[in-house]
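Please look over the sequence and the model shown below before reading on. The report that follows takes up strand pairing and then helix packing.

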Amino acid sequence: MYTHQDLARLQAQSLKMQGWIRRQTFSPGNEKTLRRFSSWEVAELIFRINQSTFRGKLAADPNLPLGEVEEDGRQRWFSLEEVNELRRRIRINRKSLMPPRPEGKRAFRAAIANFKGGAGKSTVALHFAHAAALDGYRVLVVDFDPQATLSHSMGLSDVGEDHTVWGIMARDLERETDRMNAAAQGAESGTALPQRKLPASIRDMGLGTLRPADFIKPTAWPTIDIVPSCANAAFVEFASAQYRHLNPEWTFFGAVSRFLDTLADDAYDLILFDCPPAIGYQSMNAVFAADMLYIPSGPGYWEYDSTTSFIGQLAEALEDLSHGFENFPTGKIALPKAFDDIRFLMTRYEPSNELHQAMLGAFRQVFGDRVAEHPIELTRAVEQSGRFLSSIYEIDYREMTRGTWRRARATFDQAYEEFRGHVLAAWTAQEASA
C-alpha cells in the first residue's frame, strides 16, 4: 500500500535528480546564463545582412559595441545587450533594424493552447519568445501550466505559489471584492446594500497589496520577463472554485487580463501564454486575456481528435461564461469573447512520413488557411534542446554540426516568421484603446 508519505519520498528522490540535471545544464552558480552570438549569427541570422556589410559598419564607427574575440578565434561574439545596441544604432540603406511595432498600441497577447499533453505548447512558447527577443522585441511570458516546463526552461525553479497566476487570481478576488463593496450604494432612505465578505484566511495572505512587478521575474534573456509557475500552483483549480463561492459576482476569468491592463502599454511588445493541457480556471484566464489563439498539434490521429475536442469544449465554455456573466462588469473584456485571430500549428512533423503528410492534409482540409504553412519539423537538434531545457537559439552551433543546427533553427525561424506576420496583421488592426 502507498500513501501520501510514499509519494512525498519519491518526490524528494526526484528533486535530487532534478538538481543534478540543473548543475549539468546551467552555470556553476546553478543559474541559467545566455550565451554570446557570433558575428556570423548576428549578421546573417539576426540582422539578415551580409557579413561584409556588418564588418564595414563596425569598422566605420569605433563607438559601436565590438563584442569579444575568443582566444585563438577569429569570430567576434556579442551579448544580446550588445546586439540590441547595434540594432538601435545601425542603419542599412537608411532603414532601421528595429522590429515593426504599431504605434500607440499595448503589447499583443497570444495564447499557446491545446488539450493534448506533448503537443509542443511549451516548446513553441519557449522558441517563439526567444525568436522574438532576437528579433528585437520585449517579451513577457506567462506560465499558466502547473508542470512549469516553461518556467524551468527559462531558468526559474525556486518559485512560491503566491507569485504565480494563482497569486494573481487571489489578489484579483480581494481587489475586485473591495471595488464592488465600495461601489455599492443604498437607497436614499439609508438602506445599505449587503457587503461581500472574504474570510481572514484570504486577506491575511497579503496578496491584495502586491504590485504587478512582484509577480514578474527576470530571465537569463535581458528582454524577456516571466510570470512563472510551480508545481504547488496545481491546487489553483480547487482554490478558484472556493473563491467563486465566496463572491459569485467575481469575474474570475478576467483576473489575468485586469492584471495585464495595469502594465504600461509600452512595457512589452509581445505577451505569450503557455497554457495547461485542460480547460479550467487558469486556461480560461489565458483565453480571455489573449488577442490570438495559437493551437499546436502533433501529427497523429489522437492529436487531431484532441484538438477537435479542445475547440469544441472551449466553444461551450466561452458560451456558458458569456451567458453567466453578461450582466456583470468585466472591465475591458467584451462578452462574448472574440479573438483577433486563431491559428493551428503542426509540431513534431517529419516531411518523409506518409502518415504525417496525410494528417497535415487533413488539418488543412478542415481548417483551411488557419493552418500554419510551415510546420515545426522533428530533428535531432530539436530533441536535444528539449532534453537540456533550452531552445535551439540557446545552443551554441559549435556543439554539433552546423548543418544540423541550421536545419533545426530554420524550422523555428520559419514558424516564428509566419507567427509574427499574423501577429502584426492583427495588432495593426486593433483599436488603439484595446
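How many bridges join strand 6 to strand 10? Strand 6 (residues 108-112) and strand 10 run parallel and are joined by five bridges, where helices (H or I, at least four residues) and strands (E, at least two) are DSSP runs numbered from the N terminus, and two strands pair if DSSP finds at least two bridges between them. This is a predicted model, in which local features need pLDDT of at least 70 and side-chain atom pairs count only at pLDDT 80 or more, while totals for chains, interfaces and linings use all residues. Residues are numbered from 1 along each chain as its sequence is written, and side-chain values use heavy atoms, with hydrogens and water left out.

Strand 7 (residues 139-143) also pairs with strand 10 in the parallel sense, over five bridges. Two of the bridge partners are listed here.

| Residue | Bridge partner in strand 10 |
|---|---|
| Ile-112 | Asp-274 |
| Val-142 | Phe-273 |

Turning to the helices, helix 2 (residues 39-47) and helix 4 (residues 80-89) pack at an angle of about 60°, with their axes (lines fitted to C-alpha atoms over the stretch in contact) 12 Å apart. Val-42, Ile-46 and Phe-47 in helix 2 meet Val-83, Leu-86 and Arg-87 in helix 4, contact meaning heavy atoms within 4.5 Å.

Notes. Axes fitted to C-alpha atoms, helices over the stretch in contact; angles between N-to-C directions.
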